[in-house]
Amino acid sequence: MENRKKKCGIVTFHSSHNYGSVLQAYAMVRVMQKMGLDAELIDFRHPRTTDMYEWRLWSTYKNWKWNLRELVLRGLFSFGKKREQVFSDFIENVLKKSKRVKDKNDIPDIYDILVCGSDQIWNPKASGENDPIYYLDFGTTTCKFSYAASSGSVRFGDENPELFKKYLQNLKSIGVRERFMQEYIKEELGLVSEINPDPTFLLNASEWSEIEKPYKGLPDNYLFLKSATIIQYTIKGRFMNR
């Protein structure tokens, strides 16, 4: 009998229209594939997430001021439409995903390994008040772990510490992104966790070059402002930090 690769399902924020979200999702799949797994993103998109990035005439998740702004800028002037299309194309055509699922009961029990992370999947405001999917509360496999999971700046377990302790105890390994998360989990829940780097750092330059698309029209001499205190610039191929 031919040896079958173990199937790995990854739960994260992969449909948000920002670089951090889609690139970490891409990296998570690639890293698991490099470990010899048949890895894919479980294509669950919480209504709060889709409502934030996909065009809606009026959103129940946003206040009236934000809805009015979106109606004018996007509805009347098509502001951000091109950007939305670029991210949608990457999400649909580059990211390896399962079929779309609507909730945890819709996920087939086919995974040997389940991973949640990275990104702010444990941030109640972003995850639909801590949807159980983001804690891998589904499937019969016992090989479940989190990697670089984050809650942003929110103490995610304060509202129901016993529930979150139960969620985390079902994980073989707890990996978080920030030190305050590690300390909180130890002090408040009595559990051990590790700090993980963002998965984007686990791929080398040549691996990122595989999905790179050259930007046409960039001059030889240009100035790139990264922050108020760091200026990075290139002059005819030379890279310098100041």
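Predicted model: local features only at pLDDT ≥ 70, side-chain atom pairs only at ≥ 80, totals over all residues.
The largest pocket has a volume of about 640 Å³. It is lined by 14 residues. Closest to its centre are Tyr 19, Val 86, Phe 90, Ile 211 and Lys 213. Two elements, H1 and helix H4 (81-93), each give two or more residues to the lining. H4 supplies the largest share, five residues.

**The β-α-β unit**

Together with strands E1 and E2, helix H1 makes a right-handed β-α-β unit. E1 and E2 pair in the parallel sense, over four bridges. One detail of the pairing: Gly 9 has Glu 40 in E2 as its bridge partner.

| Element | Residues |
|---|---|
| Strand E1 | 7-11 |
| Helix H1 | 19-34 |
| Strand E2 | 38-41 |

**The nonpolar core**

In soluble globular proteins, nonpolar side chains tend to be buried together. Here, the largest nonpolar core holds 29 residues. Which of them touch the most other members? They are Trp 122, Phe 156, Leu 168 and Ile 185. Strand E3 (113-116), helix H5 (161-169) and helix H6 (179-189) each supply at least two residues of this core. The largest share comes from H6, with four residues.

Conventions. Residues numbered from 1 in each chain as written. Heavy atoms only, no water. Pairing = 2+ DSSP bridges. Right-handed = clockwise from strand over helix to strand, strands pointing away. 1 Å grid on protein atoms, 1.4 Å probe; cavity = no way out; pocket = protein on both sides within 12 Å on 5 of 7 lines; lining within 4 Å. Points joined across faces, edges and corners; volume = space filled by probe spheres on them. Core = buried A, V, L, I, M, F, W, Y, C linked by side-chain atoms within 4.5 Å. Buried < 20%, exposed > 50% of the residue type's maximum accessible area, 1.4 Å probe, protein only.
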